[in-house]
Each structure stands twice: as C-alpha cells, then as structure tokens.
Amino acid sequence: MKLVAKLSLVLALFSLLIAAPVAGQADDLSGQLEIFSWWAGDEGPALEALIALYSSLYPNVEVINATVTGGSGVNAKAVLKTRMLGGTPPDSFQVHAGQELIGTWVKAERMEDLTFLYEEEGWMDAFPQDLIGLLGTEDGIWSVPVNIHRSNIMWYNPAKLEEWGVEAPTTWAEFLEIAPTLQEKGVLPLSLAANWTANHLWESVALGALGPEKWNALWAGELAWTSPEVVAAWDLFGQILQYTNEDAAGLSWQQATDMVVDGRAAFNVMGDWAAGYMATTLGLEPGTGFGWVASPDTGGEFMFLADSFGLPLGSPNRDNAIAWLKVLGSKEGSDAFNPLKGSISARLDSDMSLYNAYSQSAAADFGSNVIVGSLAHGVTANEGFMNDFATVMEMFLASRDAQQAAMAAQAIAIQNGIGQ
Ligand code: GAL
C-alpha cells in the first residue's frame, strides 16, 4: 500500500473513532442497569429512545426501566427515598437540577462526585456554566443534565379559540375578564389536575405577580412570605382557581391537557412536557394542533427546570451506570431524547434542525429571556420544603385563605432552611 493510501486509511479509522464519542467498550459491559424515573406510559417515548441508543451501544447489558407513574415525580420520589434510605439504590435515578439534588441527596452524602466524567467527556464546555453551577457544590458535580424544560407556558387549541372568539391572555387581568364569557359558552376557562399541578400553576402566577427579582428574593430568604406582594399573589391565585374544574384532584396532567385539546377547556398552564405529549403522543402539529404563550404576566421570563440523572453511592452496576450517564450527556443522546420530550437540549451544541416549531421557539426564548428557577420542579427548594408546600397547597385549596397560606409558607420556609 502506498504511503498516502496508508495515511488516509489511518485518518479514516481515526475519524471513525472520534465520530463515535459515546461508543466504546461495548463488549466489556454486561449484567444489568436499573434506571429509575417517573417517565412511565405517555411520558415514556423520549426515555425509551435513550434506552434504545444505550442498548445499541451496550447490547450485552440488560436495561431495567424502573418507573413509578405520577407527574413531577410525586410518587417516584417517595419510593426513591425508601430505597435510598434502605441502602438499595437503583443504578441511576432521575432528579431535578438544583435544590432537589443538592439540598436532598448531596446534602445527605448519598451521591458520587461526577467531576471526572465532566472532565473526560468535555462537558465543562458542553453545558452552560450556570447549569453546571446548579448541579454542583464546592465538593463536586453531582448529576448529568438531560434537558431544559420550561414551566411557565399556557397552552391552548388555536381552532377552538377562534371558534369562541377569544385570544390567549397575556395578563391574568385579561384572563379574569374573558373567563366569564367562556363559562357562558359552556367552556371551562382553565383546566387543572392533581395537587402538584396546583403548585405548578401557583409558581407561574407568583412569578407573574412578583417579577423575577422578587421571585429570586423569596428563595434567597430576602423577601418574607408574609409580605403584602406574596399575599397578593395567593389572592390572585385564589381568583384564578374559581375558573378551574372541581374534579381536578383526581386528574393526571395529561388529562388536563386533553381537556384543552378536545375543547372542553380553553387554557392550561403546564410545563413543556405538554408539548412533548401533544406532538409525540397525540401527533399534533405545533402552531396549528396546539398553541402556546408565556403564562400570563410572565412574557420575557423563562422559568426553567432540568431533569438530570445521578450516580448514587452503592450503585450496584456502577460501570453500566457510568456508561448510561455518558450516553445521556452526549450530543447524540440529547438530540435523541429532547425532540420527543418537548424540552430543549441542555447542551450548547444541539442540532436544532431536529426540533419542532415549539422547541425552536423555546430555545430562542431561553437565549433571550430572564431565566428563573422552578419551585414545583426542584430548582429553588429542597424536598422538605416541597413536601410541606404540598400541605400548604391542600390547605389553601380547601380554605382559599391567602393570609393563612402566606403565614404557613413562611413557617415551612424557616423550618426547611430556605435562603440559609
Ligand atoms: C417534571 C419533569 C418533567 C416531566 C413532568 C411531568 O417534574 O421534570 O420531565 O416529567 O414532571 O411529569
């Protein structure tokens, strides 16, 4: 073989090697990999795409896709807690970036530091610095992000709004004005589901009422929950609840989305996994099959959250779990997962041509809006606060007493060390 031919063969082999960043010692890995999440049923397709990619790279590993149904992980987190405390962790589990990770499992010293992986995989430059900051402490980096979701979105059905002669409101004042007209037409103004979706709605209403600076001040312990503006946010939330369905507590978030899709309800405030559900599961076209606008009074603001997976100490199949983390942190993994999920990639180099019109608009907003963290999905507060906040919400849903809710929230903020 001529030298030039030899050289080009070597180069070709080399480029093959570097073009397959997540491939590797496929044959070396065997046994099982248990991944734990709440992405079951309708929420499953994106995760299944990631698992398919993992299985194509590591065919000898048997993947156990352990899921516990229940939006926002309400049920899964309880099961995870039992397993973590009982010393039988899964190999890797879903956890939100921010306080849900740091203030819960990292604080309890139950996670492995993944800094080595970030260095090996070049992730220090692949993910935004702010996001890495939320996954890390001065002692390490504790999970790998798989996406960026947006919480403050109001969804609607464009054809139905046209039929009813209404437009998507940009303020809650506008919503409260058009809500009675919708009711007269026999349409529910705003669909709601189980308790956690009330928390979800609350955070969008509170961000709208407080604005980003005061929202952040609340979590820094610099704005009291009993201050007049926070009481006013509860009060506005109570007014909005008057236009929601009475059977909310028994519904899943998908059922509340369905109500908008089939025209029983005009609007729903939900994170953009609803875009994933409508586009991937229901096969609707963004823009025509479903429409969206920033939740009222939050235009120009992006309330974000990020799903991530970590490596618990004592992971039974540690090598398989590390290979899993490599797949989900890779460009290929991220771009297999996110277009189906409704989220955007957490990586800075994702291929936007793979994403639909909704996700492209979310990516543009993420680049230009004021970014704040979500309460309902783990960014701003630890599990202790979240659990107690669910109780405060139950109380408020029953009493609609803004002052009482504000006082109770102040108490649980102190108890759970918010802002300390
Ligand atoms: C969020 C999670 C999303 C989606 C949603 C509904 O907490 O980050 O990925 O699963 O719950 O279950």
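A: Gladly. The size of an interface is often given as the accessible area lost when the parts come together. Here, the area buried between domain 1 and domain 2 is about 2,000 Å², and carbon and sulfur atoms give 57% of that; buried area is the accessible area (1.4 Å probe) that two parts lose on being put together, summed over both. Within domain 1, Asp 42, Gln 99 and Tyr 358 lose the most area to domain 2, together 29% of what that side buries. This is a predicted model, where local features need pLDDT of at least 70 and side-chain atom pairs count only at pLDDT 80 or more, while totals for chains, interfaces and linings use all residues. Residues are numbered from 1 along each chain as its sequence is written, and side-chain values use heavy atoms, with hydrogens and water left out.

Q: Where are the bounds of domain 1 and domain 2?

A: Domain bounds come from an automatic or database domain assignment. Domain 1 covers 2-148 + 307-364, and domain 2 covers 150-303 + 370-415. Their C-alpha centres lie 29 Å apart.

Q: Which residues form a salt bridge, and how far apart are the closest N and O atoms?

A: A salt bridge is a side-chain nitrogen of Lys or Arg within 4 Å of a carboxyl oxygen of Asp or Glu. Lys 77 and Glu 383 form one, with the closest N and O atoms 3.6 Å apart. Across the interface of domain 1 and domain 2, the rule finds one salt bridge.

Q: Is His 149 buried or exposed?

A: Buried means under 20% relative accessible area, exposed over 50%, and partly exposed in between (1.4 Å probe, protein chains only). His 149 has a relative accessible area of 0%, so this residue counts as buried. Its place is in strand S7; strands (E, at least two residues) and helices (H or I, at least four) are DSSP runs, numbered from the N terminus.

Q: Which side chains make a polar contact with the side chain of His 149?

A: A polar contact is a pair of N or O atoms within 3.5 Å; within protein, one must be able to donate a hydrogen and the other to accept it, and residues adjacent in sequence count only if both atoms are side-chain atoms. The side chain of His 149 has such a contact with that of Asp 272 at 2.6 Å, and another with that of Lys 341 at 2.9 Å.

Q: Which residues of H15 are buried?

A: They are Gly 333, Ser 334, Asp 335, Phe 337, Asn 338 and Lys 341. Just after H15, Gly 342 takes a positive phi of about 90°.
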